[in-house]
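Student: I would like a close look at one part of this model. Please take it piece by piece.

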Amino acid sequence: MYKKLAVAGFVIITFIIYSIHQRNEGSQAVQKVTTSQGNTSQSTAASSNTTTQSTASVSYKDGSYTGKSSDAFYGYVQVRATITGGKLADITILDYPQDRDNSVEINNSALPLLKQEAIQAQTAQVDGISGATDTSQAFVESLGDALAQAKA
Amino acid sequence: MIKQTRVIMGMPIVLMTPDTSVTSENLEEVFSFFTYVDKTYSPFIDSSIVSRINRGEMGEPEYPDELREILAIAKNTKHQTNGYFDVWHKGNFDPSGIVKGWAIAEAAKIMAKFTNNFYVEAGGDIEVSGVNDEGNPWQIGVRNPFDRNQNVKIIILKNSAIATSGTAIRGQHIYDPVQGKELNDVASISVIASNIIDADRMATAAFAMGAKGIYFIEQLAGYEACAAMQDKTIITTTGWYNYEAV
């Protein structure tokens, strides 16, 4: 539950930052993107608790809105926002950068058995942290676009 | 330790150095470079080179030398990854997969004018040189993709780089529609290389390869990787342990 809230909070905060950024840029891309549902091999539904609070001040029209396909540096992310009762009720991920063809040739016979272990938190102090941020940004952009369309 | 963070190109840019002779004007020069890169190569900015190429307003003969340099790296990477890395996606020109690593490398060159000891990060991709403020090599955490407050590995980097590709959309599960079960796929993959351009482009390509990515890195000389899988296990290449902090 705590984790869900954290995720919800992250999405909301990043979206707000993004909205402000977008307003400053003065480029409200309101563009209807049709998505081929044949491309749903990797699509997943995210039931989301990211509703009220921060978004309460904005009124949205009920319906489903597909965000633009957003660059995640190594692929594209596209989401569909569903508005129910004027609030963001659901986010569905339509496109996601893991759907490439598996055409890479790897000589399986030469593969060593790589070490696999359970994730364990490390507590030593660090100077910096390497992690993926790309997809979340693209996620926020696509969602921001979907919500821009939903604005009443 | 001098540390400054700014959000440019939609991501946090972090500069660090233990060298107190580095001035804020020096750091400003590095940040300005990232701003220039954003303006020039962002697919989201109408006046950028990338947008102009996509609108058909700029043909290949007019490409600036800098773009040619970036495209040469991209072409080489496409070849090395059997097409997994491509600056063309669904008919759209987008070199940002290379631009990010290239920008960090160029920023590191600017930092190197001022000090031998520095850390340059753009959105989780890092190049380091020399030592930290304790006189030790830079110690870097690999973020747990399932809990951003945790590190799953801690490594020591000496004049080298690490880049991570993955999904930050948490709570999602990828299902195989054919077999109807959850895929044991990659949540994130971190790649260590001698420089950030290599680390970044190979992390990107390896992530696109899914579960095969870690084996792809295993076969590349001079690279090591650590993949966090959706089943919450970690797979490392055979030489990864050499970088782990004890």
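Tutor: Strands E7(B) and E8(B) form a hairpin, with two residues between them. Helices (H or I, at least four residues) and strands (E, at least two) are DSSP runs, numbered from the N terminus. E7(B) covers residues 138-144 and E8(B) residues 147-157; they pair antiparallel over seven bridges. Pairing requires at least two DSSP bridges between two strands. Gln139(B) in E7(B) has Ile156(B) in E8(B) as its bridge partner.

This is a predicted model: local features need pLDDT of at least 70, side-chain atom pairs count only at pLDDT 80 or more, and totals for chains, interfaces and linings use all residues. Residues are numbered from 1 along each chain as its sequence is written, while chains are lettered from A and ligands numbered from 1 in the order in which they are written.

Domain 1 of chain B gives 22 residues to the contact and domain 2 of chain B gives 18. Contact means C-beta atoms, placed from the backbone, within 7 Å. On the domain 1 side, H3(B), H4(B) and strand E6(B) (125-129) each supply at least two residues. H4(B) supplies the largest share, eight residues. By class, that side has twelve nonpolar, seven polar and three charged residues. Ala, Val, Leu, Ile, Met, Phe, Trp, Tyr, Cys and Pro count as nonpolar, Asp, Glu, Lys and Arg as charged, and the others, Gly among them, as polar.

Now the helices. H3(B) (65-80) has 16 residues and reaches 23 Å from first C-alpha to last, close to the expected 22 Å. The expected span is 1.5 Å times one less than the number of residues. Ile70(B), Ile73(B), Ala74(B) and Thr77(B) of H3(B) are buried. They fall within an arc of 100° seen down the axis, so they line one face of H3(B). The arc is taken from the directions from helix axis to C-beta atoms. Buried means 20 or more other C-beta atoms within 10 Å of a residue's own, exposed 12 or fewer, partly exposed in between, with C-beta atoms placed from the backbone. Exposed Asp65(B), Arg68(B), Ala72(B) and His79(B) sit on the face turned away from the buried side. The cover over the buried residues of H3(B) includes helices H4(B) (96-114) and H5(B) (196-208). Just after H3(B), Asn82(B) takes a positive phi of about 50°. H4(B) has 19 residues and reaches 27 Å, close to the 27 Å expected. Its buried residues include Trp102(B), Ile104(B) and Met111(B).

Definitions and conventions: Contact = placed C-beta atoms within 7 Å.
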